[in-house]
Amino acid sequence: MSVTASAQVLTSASQEDKPGLSTMAFISDTTALSRVSADLFNMTLGKANIREGSIDAALAIGDWPRNLDLLIVDLADAIDPIADAAALKTAVPGGCIVIGVGRVNDVALFRDLIAVGFNDYLALPFAEGAMARAVERALDLRQRTGGAALSGQSAAKDTTPRTLSVIGARGGVGATTTAVTVAAMLGARLKEEVLLIDFDLHYGSLMLALDLEAIDALREALDQPDRIDALFIQQVAQKKSDFLYAMGAEEAPTNDFQARPHAAGDFLKSIHRRFRWVVADVPRGDPVIQRQVIEASTDILLVTDLSLPGVRDAMRLQQLVHDVAPAAKLYIATGGAIDARRSAVKVSDVERTLKHKVDCQIPADTAAALSAVNVGKPVSEAAPASGIVKALRPLVAGLDTPDKGAGVARVRKTASLFERLGRGLKK
Ligand SMILES: Nc1ncnc2c1ncn2[C@@H]1O[C@H](COP(=O)(O)OP(=O)(O)OP(=O)(O)O)[C@@H](O)[C@H]1O
Ligand SMILES: [Mg+2]
């Protein structure tokens, strides 16, 4: 296909149902700048935001448009172009195509840029139409690999930052397993990078579950959230798969850490510049962090077992959620780490006591849970046919469609041991 023909195809596709590619460019070479603007005029319907500048100017941007489809950036004068490119790639929205330009004509540089996630690199000077062809190639590839790169698709997506906190009412109910599986399923469903954060800085098991390295810098970041920048996130958020990243620490038991007020909220705000969806594994043992993370959450998944202490603690946590995050959507799940068939408490007892529907009953599937741990992957990848995945599917689908989400559902009250327990707790 000729350049003109390909530009026409893109233009007509854009004009039918899309507002053109949402594009930004930072180019310091003036000839290249005018060539790029001419090349992209059709694809962007003349609305590309093209600025004179280089990757430094791009790195200074704090808030990228969430629907950005295409970014072209001049690596001119960068002392460490690969580090800068990696930091930039981490900062821009996941679906954005990034193309570098620069004076160095070196295949090693090209390879390194591709390795950090750039889609292409053009050495200066480049011929008329070269940029249009590069963009077309990147779009083509993105479409074939299932990514949503066209603005018509990405603009339709909800862009509100979301933090889902997963909290176990008791130890060992399966909260971490659930957090990891939900995050992986959500990322795969949205085709969007989701970040898992283990807020249990001392004893968290999330990074172990995914066979990733714990990083000390998480504590520093909670201490000084204003210092979090794109480079920090790139270094600390570890990639597990295309749509799943994770961060967690392994602080020594002797390091006591007291988060300053609103630390977790400020930290999450910075993280949300890069990741729209965060799934937090919330510790029970640290009431300060627990409260702060809950406060900053838009969605909360409370996982309980079917035991009397489990239901009591689920109720206390429900009260905490009600007090500190009244606007958050609360979901209740019964965990599968302890087989429900061996439990004295029934799901209907939980619903009556909490006056909330149980949104998800996670079955016990020891083989699936074990194989996930063994391969260091989410259950949805290690054992996709597991009942755990099946049970979580409606919950994951509901998370992303707010109106249809499983909100608070009142359950008719009858007098029971659990109700008496509830009355006792509220006194
Ligand atoms: N649905 C399930 N079926 C069977 N085993 C499970 C299930 N979910 C989790 N497990 C297993 O139960 C154990 C505890 O799981 P997990 O670490 O997810 O619980 P947790 O609530 O996060 O625990 P902690 O309180 O230590 O943070 C793990 O060995 C895990 O593999
Ligand atoms: Mg856990």
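Q: What makes H8 and H16 helices of the shell around ligand 1?
A: Helix H8 (175-190) and helix H16 (366-375) each supply at least two residues of that shell. They are called helices because each is a DSSP run of H or I with at least four residues, numbered from the N terminus. This is a predicted model, in which local features need pLDDT of at least 70 and side-chain atom pairs count only at pLDDT 80 or more, while totals for chains, interfaces and linings use all residues. Residues are numbered from 1 along each chain as its sequence is written, and chains are lettered from A and ligands numbered from 1 in the order in which they are written.

Q: Which residues come nearest to ligand 1?
A: Of the 18 residues around ligand 1, Gly174, Thr176, Thr177, Gly336 and Ala369 come nearest; a residue is near if its C-beta atom, placed from the backbone, lies within 6 Å.

Q: Why are E4 and E5 called paired strands?
A: Strand E4 (residues 97-102) and E5 share four bridges in the parallel sense. Pairing requires at least two bridges found by DSSP, so the two strands pair. A strand is a DSSP run of E with at least two residues. Val101 stands opposite Leu122 in E5.

Q: What makes E2 and E5 edge strands?
A: In the open sheet of five strands, the order is E2-E1-E3-E4-E5, with parallel pairing. Strand E2 (49-52) and strand E5 (120-123) each pair on one side only.
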